[in-house]
Amino acid sequence: MNIWELSEKAEYIADKHQRLLAQWQHYCNSLIQGITLSKAKLHHAVGCNPDDSLRFFLFDHFVIHVRLAEGFNSHTIEYYVEKRNGEDRVLIAKAILDDEGRIDNSISNRNREDVLEHYLEKIHPVYESLYSAVNTDTPVSMGQLQQSAQA
């Protein structure tokens with residue numbers, strides 16, 4: 001392989017990587033807009049993060065992180081919940097973002113209502129666990145949240 005063939009492949013890799021990152025940014029913008037412009041009372045507060053993830057405070061006690069999975073060219077979106085103090089992070093869901101901006105092969109990352117609905121479906125087990133605990137006056141453990149997410 002000569003330098004020009006390597007250069008062509010490097011350009012292809014860089015182009016694909018930039019398109020993926022652009023699709024991720026569209027997803028982030030749509031989700032933030034969906035949450036902040038929603039009339040629904042979700043009890044989410046948007047937090048700023050220095051890395052490339054989203055952070056939402058839920059009931060001022062939990063943090064939901066949304067990020068691309070580790071690794072170059074990862075197309076997997078990961079959804080985590082943790083305590084506000086940063087303890088006990090648990091993975092609650094995953095989704096796939098393709099090069100065309102579709103999430104899980106069906107949702108456009110440019111449609112904020114669909115993106116918000118998809119996100120809420122992914123974190124639904126967290127709300128269910130919290131509702132159940134509050135309804136029965138029992139404490140919530142991170143293990144419970146993880147188990148309900150995996151069910």
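Which backbone nitrogen does the side chain of N2 reach?

## Basis of the model

This is a predicted model, in which local features need pLDDT of at least 70 and side-chain atom pairs count only at pLDDT 80 or more, while totals for chains, interfaces and linings use all residues. Residues are numbered from 1 along each chain as its sequence is written, and side-chain values use heavy atoms, with hydrogens and water left out.

## N2

The side chain of N2 reaches the backbone nitrogen of E5 at 2.8 Å. N2 lies in the segment before α1. Its relative accessible area is 40%, so N2 is partly exposed (buried means under 20%, exposed over 50%, partly exposed in between, with a 1.4 Å probe and protein chains only).

N2 and S38 are 36 residues apart in sequence, and their C-alpha atoms are 54 Å apart in space.

## S30

S30 is part of helix α1 (helices are DSSP runs of H or I with at least four residues, numbered from the N terminus). S30 is buried because its relative accessible area is 7%.

At 2.5 Å, the side chain of S30 reaches the backbone oxygen of N109. Leaving aside residues up to four places away in sequence, S30 touches N109, R110, N111, R112 and V115 (contact means heavy atoms within 4.5 Å).

I13 counts as partly exposed because its relative accessibility is 45%.

Together with Y12 and F72, I13 makes a nonpolar surface patch of about 370 Å² (patch residues have over 30% relative accessible area and no salt bridge, with nonpolar side chains joined within 5 Å and like charges within 9 Å; a salt bridge is a side-chain nitrogen of Lys or Arg within 4 Å of a carboxyl oxygen of Asp or Glu).

Methods. Accessible areas come from the Shrake-Rupley method with a 1.4 Å probe; for residues, only the protein chains shown count as cover. Helices (H or I, at least four residues) and strands (E, at least two) are DSSP runs, numbered from the N terminus. A polar contact is a pair of N or O atoms within 3.5 Å; within protein, one must be able to donate a hydrogen and the other to accept it, and residues adjacent in sequence count only if both atoms are side-chain atoms.
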